[in-house]
Amino acid sequence: MVKVFAPGVVKLFGEHAVVYGKPAIATTIDRGVFIECEKSDRLIIESIGTPSTLVYLPEEGRLEALGAERFFAYVNTALKIARERWGKLKARFSIKSELPPSIGAATSAAVSVGILKAYSLCANVEVSKEELAKLGHQVELNVQGIASPMDTTAVAIGGVLKIWAHPFRVEKLDVSLPQFYIVVLPRRGTTGEIVADVKALLDRRRSAQSVINAIGEVVEEAEGCLRRGDLNCVGELMILNNWLLGALGVVDNRVMTLLDLLKTFVYGGKISGAGRGGVVLILPKDETVVEKILSATGYTYFKVSISKTGVVAI
Ligand SMILES: Nc1ncnc2c1ncn2[C@@H]1O[C@H](COP(=O)(O)OP(=O)(O)O)[C@@H](O)[C@H]1O
Ligand SMILES: C[C@@](O)(CCOP(=O)(O)O)CC(=O)O
(Lines give C-alpha, C1' and ligand atoms only; values in the text may rest on other atoms or scores of the structure.)
(Ligands and ions follow the chains in the order given, each with its own letter.)
Protein backbone atom coordinates (compact mmCIF):
# COMPACT_ATOMS: atom_id res chain seq x y z
CA MET A 1 0.00 0.00 0.00
CA VAL A 2 1.20 3.51 -0.86
CA LYS A 3 0.53 6.40 1.53
CA VAL A 4 1.01 10.05 0.64
CA PHE A 5 0.73 13.30 2.59
CA ALA A 6 -0.01 16.45 0.57
CA PRO A 7 0.26 19.62 2.69
CA GLY A 8 -2.13 22.56 2.73
CA VAL A 9 -0.83 25.99 1.76
CA VAL A 10 -1.29 29.49 3.20
CA LYS A 11 -0.17 32.82 1.81
CA LEU A 12 2.03 34.74 4.25
CA PHE A 13 2.19 37.85 2.02
CA GLY A 14 1.23 39.15 -1.40
CA GLU A 15 -2.04 37.49 -2.52
CA HIS A 16 -4.01 39.43 -5.17
CA ALA A 17 -0.94 41.58 -6.05
CA VAL A 18 0.61 38.35 -7.35
CA VAL A 19 -2.03 38.37 -10.10
CA TYR A 20 -0.58 41.71 -11.28
CA GLY A 21 3.10 40.72 -11.48
CA LYS A 22 4.22 41.18 -7.85
CA PRO A 23 5.79 38.30 -5.92
CA ALA A 24 3.94 36.52 -3.10
CA ILE A 25 5.25 34.44 -0.21
CA ALA A 26 3.38 31.18 0.43
CA THR A 27 4.15 28.29 2.75
CA THR A 28 3.10 24.68 3.10
CA ILE A 29 1.74 23.71 6.54
CA ASP A 30 1.78 20.51 8.55
CA ARG A 31 -1.93 19.86 8.04
CA GLY A 32 -3.19 18.63 4.72
CA VAL A 33 -4.57 15.65 2.88
CA PHE A 34 -3.63 11.98 3.31
CA ILE A 35 -4.08 9.71 0.31
CA GLU A 36 -3.69 5.94 0.20
CA CYS A 37 -3.47 3.84 -2.93
CA GLU A 38 -3.71 0.08 -3.03
CA LYS A 39 -3.92 -2.06 -6.17
CA SER A 40 -7.36 -3.63 -6.57
CA ASP A 41 -9.52 -5.38 -9.17
CA ARG A 42 -11.24 -2.08 -10.05
CA LEU A 43 -10.80 1.67 -9.63
CA ILE A 44 -12.46 2.92 -6.42
CA ILE A 45 -12.13 6.30 -4.75
CA GLU A 46 -13.31 6.96 -1.24
CA SER A 47 -13.13 10.37 0.38
CA ILE A 48 -13.69 10.17 4.11
CA GLY A 49 -15.68 12.80 6.00
CA THR A 50 -16.59 14.98 3.03
CA PRO A 51 -19.69 17.16 3.09
CA SER A 52 -22.58 15.95 0.96
CA THR A 53 -26.35 15.72 1.14
CA LEU A 54 -27.52 12.12 1.01
CA VAL A 55 -30.73 11.30 -0.84
CA TYR A 56 -32.24 7.84 -0.43
CA LEU A 57 -34.46 6.46 -3.20
CA PRO A 58 -36.25 3.49 -1.49
CA GLU A 59 -38.09 2.35 -4.62
CA GLU A 60 -34.80 1.94 -6.42
CA GLY A 61 -32.87 0.86 -3.30
CA ARG A 62 -30.28 3.49 -4.17
CA LEU A 63 -28.44 6.28 -2.36
CA GLU A 64 -27.30 9.47 -4.09
CA ALA A 65 -24.80 11.98 -2.75
CA LEU A 66 -25.88 15.41 -4.01
CA GLY A 67 -23.07 17.60 -5.33
CA ALA A 68 -20.58 14.77 -4.98
CA GLU A 69 -19.70 14.65 -8.67
CA ARG A 70 -18.68 18.30 -8.68
CA PHE A 71 -16.76 17.73 -5.44
CA PHE A 72 -14.81 14.91 -7.10
CA ALA A 73 -13.87 17.03 -10.15
CA TYR A 74 -10.23 17.48 -9.05
CA VAL A 75 -9.86 13.79 -8.19
CA ASN A 76 -11.41 12.74 -11.51
CA THR A 77 -9.26 15.10 -13.55
CA ALA A 78 -6.08 14.12 -11.69
CA LEU A 79 -6.88 10.44 -12.35
CA LYS A 80 -7.51 11.14 -16.03
CA ILE A 81 -4.21 13.01 -16.43
CA ALA A 82 -2.35 10.29 -14.50
CA ARG A 83 -3.89 7.56 -16.66
CA GLU A 84 -2.92 9.35 -19.89
CA ARG A 85 0.61 9.86 -18.58
CA TRP A 86 1.42 6.65 -16.73
CA GLY A 87 -1.08 4.11 -18.06
CA LYS A 88 -4.21 2.47 -16.65
CA LEU A 89 -4.25 1.52 -12.97
CA LYS A 90 -6.83 -0.47 -11.04
CA ALA A 91 -6.58 0.63 -7.44
CA ARG A 92 -8.45 1.78 -4.38
CA PHE A 93 -7.70 5.41 -3.46
CA SER A 94 -8.66 6.66 -0.04
CA ILE A 95 -8.62 10.40 0.73
CA LYS A 96 -8.72 11.91 4.21
CA SER A 97 -8.39 15.65 4.70
CA GLU A 98 -7.37 17.44 7.90
CA LEU A 99 -8.55 20.78 6.49
CA PRO A 100 -12.03 21.93 5.50
CA PRO A 101 -12.43 22.49 1.75
CA SER A 102 -12.97 25.93 0.17
CA ILE A 103 -11.55 28.13 2.90
CA GLY A 104 -8.33 29.08 1.07
CA ALA A 105 -6.04 26.40 2.51
CA ALA A 106 -5.46 24.83 -0.93
CA THR A 107 -7.24 21.51 -0.45
CA SER A 108 -7.94 21.38 -4.19
CA ALA A 109 -4.20 21.64 -4.92
CA ALA A 110 -3.37 19.12 -2.18
CA VAL A 111 -5.92 16.63 -3.51
CA SER A 112 -4.79 17.13 -7.12
CA VAL A 113 -1.05 16.82 -6.46
CA GLY A 114 -1.62 14.11 -3.83
CA ILE A 115 -3.64 11.91 -6.22
CA LEU A 116 -0.98 12.35 -8.92
CA LYS A 117 1.80 11.40 -6.51
CA ALA A 118 -0.09 8.40 -5.09
CA TYR A 119 -1.01 7.19 -8.60
CA SER A 120 2.61 7.43 -9.81
CA LEU A 121 3.90 5.51 -6.78
CA CYS A 122 1.19 2.87 -7.12
CA ALA A 123 2.11 2.51 -10.82
CA ASN A 124 5.86 2.34 -9.96
CA VAL A 125 6.70 5.48 -11.92
CA GLU A 126 9.19 8.05 -10.70
CA VAL A 127 7.99 11.63 -11.09
CA SER A 128 9.93 14.80 -10.26
CA LYS A 129 8.52 17.57 -8.08
CA GLU A 130 8.62 19.88 -11.10
CA GLU A 131 6.48 17.50 -13.14
CA LEU A 132 4.03 17.06 -10.25
CA ALA A 133 3.77 20.86 -10.00
CA LYS A 134 3.10 21.13 -13.74
CA LEU A 135 0.53 18.33 -13.84
CA GLY A 136 -1.16 19.57 -10.64
CA HIS A 137 -1.55 23.00 -12.23
CA GLN A 138 -2.99 21.30 -15.33
CA VAL A 139 -5.63 19.62 -13.13
CA GLU A 140 -6.66 22.99 -11.64
CA LEU A 141 -6.73 24.64 -15.08
CA ASN A 142 -8.93 21.87 -16.48
CA VAL A 143 -11.39 22.08 -13.57
CA GLN A 144 -11.46 25.84 -13.00
CA GLY A 145 -10.70 27.32 -16.42
CA ILE A 146 -8.16 29.74 -14.94
CA ALA A 147 -5.86 28.98 -12.01
CA SER A 148 -2.64 30.38 -10.62
CA PRO A 149 0.21 27.87 -10.27
CA MET A 150 0.94 29.13 -6.73
CA ASP A 151 -0.84 26.44 -4.65
CA THR A 152 0.00 23.41 -6.81
CA THR A 153 3.68 24.45 -6.97
CA ALA A 154 3.80 24.91 -3.21
CA VAL A 155 2.19 21.51 -2.56
CA ALA A 156 4.65 19.83 -4.97
CA ILE A 157 7.82 21.58 -3.74
CA GLY A 158 7.04 22.49 -0.13
CA GLY A 159 8.49 25.01 2.32
CA VAL A 160 8.35 28.79 2.27
CA LEU A 161 8.32 29.96 -1.33
CA LYS A 162 8.59 33.33 -3.05
CA ILE A 163 6.48 33.04 -6.16
CA TRP A 164 6.02 35.21 -9.25
CA ALA A 165 3.04 34.21 -11.37
CA HIS A 166 3.73 36.23 -14.56
CA PRO A 167 6.14 35.01 -15.83
CA PHE A 168 6.17 32.06 -13.48
CA ARG A 169 9.18 31.77 -11.17
CA VAL A 170 9.70 30.26 -7.74
CA GLU A 171 12.44 30.66 -5.14
CA LYS A 172 12.69 28.60 -1.94
CA LEU A 173 13.32 30.76 1.15
CA ASP A 174 15.31 29.19 3.95
CA VAL A 175 13.30 30.71 6.79
CA SER A 176 11.27 29.44 9.71
CA LEU A 177 8.43 30.69 11.88
CA PRO A 178 7.13 29.51 15.24
CA GLN A 179 3.77 27.74 15.28
CA PHE A 180 0.88 29.95 14.24
CA TYR A 181 -2.91 29.68 13.98
CA ILE A 182 -5.24 29.52 11.06
CA VAL A 183 -8.70 30.68 12.05
CA VAL A 184 -11.50 29.72 9.69
CA LEU A 185 -14.34 32.12 8.87
CA PRO A 186 -17.15 31.19 6.46
CA ARG A 187 -16.11 32.47 3.05
CA ARG A 188 -18.36 34.86 1.10
CA GLY A 189 -17.69 34.23 -2.59
CA THR A 190 -15.36 32.01 -4.55
CA THR A 191 -11.73 32.81 -5.39
CA GLY A 192 -12.76 33.49 -9.00
CA GLU A 193 -15.51 35.96 -8.01
CA ILE A 194 -13.27 37.82 -5.54
CA VAL A 195 -10.34 38.04 -8.00
CA ALA A 196 -12.80 39.38 -10.62
CA ASP A 197 -14.06 42.06 -8.20
CA VAL A 198 -10.48 43.22 -7.53
CA LYS A 199 -9.82 43.37 -11.28
CA ALA A 200 -12.97 45.45 -11.77
CA LEU A 201 -11.80 47.89 -9.07
CA LEU A 202 -8.39 48.21 -10.75
CA ASP A 203 -10.06 48.80 -14.12
CA ARG A 204 -12.36 51.44 -12.63
CA ARG A 205 -9.91 53.31 -10.39
CA ARG A 206 -6.40 54.02 -11.60
CA SER A 207 -5.20 54.88 -8.09
CA ALA A 208 -5.96 51.36 -6.86
CA GLN A 209 -2.79 50.30 -8.70
CA SER A 210 -0.80 52.04 -5.95
CA VAL A 211 -2.29 49.55 -3.46
CA ILE A 212 -0.95 46.69 -5.59
CA ASN A 213 2.47 48.40 -5.72
CA ALA A 214 2.45 48.88 -1.95
CA ILE A 215 1.66 45.17 -1.41
CA GLY A 216 4.65 44.38 -3.65
CA GLU A 217 6.86 46.51 -1.37
CA VAL A 218 5.48 44.83 1.75
CA VAL A 219 6.42 41.43 0.30
CA GLU A 220 10.03 42.52 -0.34
CA GLU A 221 10.37 43.99 3.17
CA ALA A 222 8.70 40.94 4.74
CA GLU A 223 11.19 38.63 3.05
CA GLY A 224 13.98 40.46 4.91
CA CYS A 225 12.11 40.20 8.24
CA LEU A 226 11.50 36.47 7.70
CA ARG A 227 15.17 35.91 6.88
CA ARG A 228 16.20 37.73 10.10
CA GLY A 229 13.54 35.90 12.13
CA ASP A 230 12.22 39.29 13.28
CA LEU A 231 8.70 38.40 14.42
CA ASN A 232 7.75 41.95 15.42
CA CYS A 233 8.49 43.03 11.87
CA VAL A 234 6.74 40.00 10.28
CA GLY A 235 3.62 40.62 12.40
CA GLU A 236 3.54 44.36 11.71
CA LEU A 237 3.83 43.76 7.98
CA MET A 238 1.04 41.14 8.15
CA ILE A 239 -1.21 43.84 9.60
CA LEU A 240 -0.07 46.33 6.95
CA ASN A 241 -0.67 43.76 4.19
CA ASN A 242 -4.12 43.12 5.65
CA TRP A 243 -5.06 46.86 5.58
CA LEU A 244 -3.91 47.05 1.95
CA LEU A 245 -6.06 44.01 1.13
CA GLY A 246 -8.89 45.83 2.91
CA ALA A 247 -8.39 48.72 0.49
CA LEU A 248 -8.97 46.23 -2.33
CA GLY A 249 -12.30 45.25 -0.70
CA VAL A 250 -11.47 41.70 0.38
CA VAL A 251 -11.23 42.07 4.18
CA ASP A 252 -14.54 42.31 6.00
CA ASN A 253 -15.57 43.30 9.53
CA ARG A 254 -15.41 39.74 10.83
CA VAL A 255 -11.67 39.67 10.14
CA MET A 256 -11.09 43.11 11.68
CA THR A 257 -13.10 42.14 14.78
CA LEU A 258 -11.01 39.00 15.21
CA LEU A 259 -7.69 40.85 14.81
CA ASP A 260 -8.85 43.57 17.20
CA LEU A 261 -9.90 40.99 19.79
CA LEU A 262 -6.46 39.37 19.72
CA LYS A 263 -4.23 42.37 19.10
CA THR A 264 -2.54 42.57 22.52
CA PHE A 265 -1.49 38.92 22.33
CA VAL A 266 -0.22 38.60 18.77
CA TYR A 267 2.61 39.85 16.57
CA GLY A 268 0.11 40.26 13.78
CA GLY A 269 -2.32 38.56 11.46
CA LYS A 270 -3.98 38.76 8.08
CA ILE A 271 -6.30 36.98 5.71
CA SER A 272 -4.68 34.31 3.57
CA GLY A 273 -5.87 33.80 0.02
CA ALA A 274 -8.68 35.53 -1.81
CA GLY A 275 -10.35 36.79 1.40
CA ARG A 276 -13.94 37.78 2.37
CA GLY A 277 -13.55 35.32 5.20
CA GLY A 278 -11.78 32.00 4.78
CA VAL A 279 -8.43 31.53 6.45
CA VAL A 280 -7.09 34.22 8.80
CA LEU A 281 -3.46 33.79 9.89
CA ILE A 282 -2.60 34.68 13.48
CA LEU A 283 1.04 34.91 14.58
CA PRO A 284 0.79 34.58 18.38
CA LYS A 285 2.94 36.19 21.08
CA ASP A 286 1.05 34.48 23.87
CA GLU A 287 -0.31 31.14 22.64
CA THR A 288 -2.15 30.29 25.85
CA VAL A 289 -4.20 33.48 25.84
CA VAL A 290 -4.83 33.37 22.09
CA GLU A 291 -6.14 29.79 22.36
CA LYS A 292 -8.32 30.69 25.36
CA ILE A 293 -9.88 33.61 23.49
CA LEU A 294 -10.41 31.64 20.28
CA SER A 295 -12.01 28.73 22.15
CA ALA A 296 -14.16 30.91 24.39
CA THR A 297 -15.50 32.89 21.44
CA GLY A 298 -16.25 29.75 19.41
CA TYR A 299 -13.90 30.23 16.46
CA THR A 300 -12.80 27.22 14.41
CA TYR A 301 -9.02 27.23 14.38
CA PHE A 302 -5.98 25.03 13.81
CA LYS A 303 -2.50 25.40 15.25
CA VAL A 304 -0.02 24.76 12.46
CA SER A 305 3.69 24.74 11.68
CA ILE A 306 5.51 25.40 8.46
CA SER A 307 6.16 22.14 6.64
CA LYS A 308 9.54 22.16 4.93
CA THR A 309 8.60 19.44 2.46
CA GLY A 310 5.90 19.21 -0.15
CA VAL A 311 3.96 16.10 -1.06
CA VAL A 312 5.68 12.99 0.38
CA ALA A 313 5.28 9.25 0.61
CA ILE A 314 4.88 8.33 4.28
N1 LIG B 1 -11.19 15.45 0.74
C2 LIG B 1 -11.45 15.79 -0.53
N3 LIG B 1 -11.78 14.83 -1.45
C4 LIG B 1 -12.03 15.17 -2.74
N5 LIG B 1 -11.98 16.44 -3.21
C6 LIG B 1 -11.67 17.42 -2.34
C7 LIG B 1 -11.38 17.15 -0.96
N8 LIG B 1 -11.10 18.31 -0.35
C9 LIG B 1 -11.21 19.29 -1.30
N10 LIG B 1 -11.56 18.76 -2.50
C11 LIG B 1 -11.84 19.49 -3.74
O12 LIG B 1 -11.32 20.80 -3.65
C13 LIG B 1 -12.38 21.77 -3.70
C14 LIG B 1 -12.02 22.95 -2.81
O15 LIG B 1 -11.18 23.79 -3.56
P16 LIG B 1 -11.29 25.38 -3.46
O17 LIG B 1 -12.73 25.79 -3.43
O18 LIG B 1 -10.38 25.94 -4.49
O19 LIG B 1 -10.74 25.67 -1.99
P20 LIG B 1 -9.34 25.35 -1.36
O21 LIG B 1 -8.48 24.72 -2.43
O22 LIG B 1 -8.81 26.67 -0.93
O23 LIG B 1 -9.61 24.42 -0.21
C24 LIG B 1 -13.61 21.00 -3.22
O25 LIG B 1 -14.81 21.60 -3.68
C26 LIG B 1 -13.36 19.64 -3.87
O27 LIG B 1 -13.69 19.68 -5.25
C1 LIG C 1 -6.11 35.95 -4.64
C2 LIG C 1 -5.05 34.99 -5.14
O3 LIG C 1 -3.79 35.67 -5.15
C4 LIG C 1 -4.90 33.78 -4.21
C5 LIG C 1 -6.16 32.98 -4.03
O6 LIG C 1 -5.95 31.98 -3.07
P7 LIG C 1 -7.11 31.00 -2.55
O8 LIG C 1 -7.71 30.34 -3.76
O9 LIG C 1 -8.09 31.82 -1.79
O10 LIG C 1 -6.37 30.04 -1.68
C11 LIG C 1 -5.41 34.59 -6.56
C12 LIG C 1 -4.31 33.87 -7.32
O13 LIG C 1 -3.12 33.98 -6.99
O14 LIG C 1 -4.69 33.25 -8.33
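Modeller: What follows goes through the ligand sites, then the strands, then a few local backbone features. Keep in mind that this is a predicted model.

Colleague: Fine. How many residues surround ligand 1, and which are the closest?

Modeller: There are 16 residues around ligand 1, and the closest are Ser47, Phe71, Ser102, Thr107 and Ser108.

Colleague: Which elements supply at least two residues each to that shell around ligand 1?

Modeller: Helices α1 (68-71), α2 (73-86) and α3 (107-122) do, and so does strand β6 (91-97). The biggest share comes from α3, with three residues.

Colleague: And what is the shell around ligand 1 made of, by class?

Modeller: Eight residues are nonpolar, seven are polar and one is charged.

Colleague: How much of ligand 1 does the protein bury?

Modeller: The protein buries 85% of the 560 Å² that ligand 1 exposes when taken alone.

Colleague: You listed α2 for that site. What about Thr77, is it buried or exposed?

Modeller: Thr77, which belongs to α2, is buried, at 15% relative accessible area. A polar atom of the Thr77 side chain lies 2.7 Å from the backbone oxygen of Ala73.

Colleague: On to ligand 2. Which residues come nearest?

Modeller: Lys11, His16, Ser148, Thr191 and Ala274 come nearest, out of 14 residues around ligand 2. Helices α5 (150-157) and α6 (191-204) each give at least two residues to the shell.

Colleague: Where does ligand 2 lie relative to the domains?

Modeller: Ligand 2 lies between domain 1 (2-174 + 309-313) and domain 2 (180-304), because both give residues to its shell.

Colleague: And the classes in the shell around ligand 2?

Modeller: That shell has five nonpolar, five polar and four charged residues.

Colleague: His16 was on the list for ligand 2. What is its phi?

Modeller: His16 has a positive phi of about 70°, although it is not a glycine. His16 sits in the loop between β1 (2-13) and β2. At 5% relative accessibility, under the 20% cut-off, His16 counts as buried.

Colleague: Now the strands. How does β6 pair with β2 and β3?

Modeller: β6 pairs with β2 (residues 24-39) in the antiparallel sense, over seven bridges. With β3 (residues 44-48), β6 pairs in the parallel sense, over five bridges. As for facing residues, Ile35 of β2 is opposite Ile95 in β6, and Glu46 of β3 is opposite Ser94 in β6.

Colleague: And β10, how many of its residues are buried?

Modeller: Five of the six residues in β10 (residues 266-271) are buried. β10 pairs with β11 (residues 278-284) in the antiparallel sense over five bridges, and Ile271 stands opposite Val280 in β11.

Colleague: What is in the turn between β10 and β11?

Modeller: The two strands form a hairpin with six residues between them, and Gly273 in the turn has a positive phi of about 100°. Arg276 lies in the loop between β10 and β11 as well. Arg276 is not a glycine, yet its phi is positive, about 55°.

Colleague: Last one. Which peptide bond is cis?

Modeller: The bond from His166 to Pro167 is cis, with omega near -10°. Pro167 is in the loop between β7 (160-165) and β8 (168-173).

Key. Residues numbered from 1 in each chain as written. Chains lettered and ligands numbered in written order. Predicted model: local features only at pLDDT ≥ 70, side-chain atom pairs only at ≥ 80, totals over all residues. Heavy atoms only, no water. Near = heavy atom within 4 Å. Areas by Shrake-Rupley, 256 points an atom, 1.4 Å probe, with all protein chains shown as cover. Helix = DSSP H or I, 4+ residues; strand = E, 2+ residues; numbered from the N terminus. Nonpolar A, V, L, I, M, F, W, Y, C, P; charged D, E, K, R; others polar. Domains from an automatic or database assignment. Buried < 20%, exposed > 50% of the residue type's maximum accessible area, 1.4 Å probe, protein only. Pairing = 2+ DSSP bridges. Polar contact = N/O pair within 3.5 Å; in protein donor to acceptor, adjacent residues only side chain to side chain.
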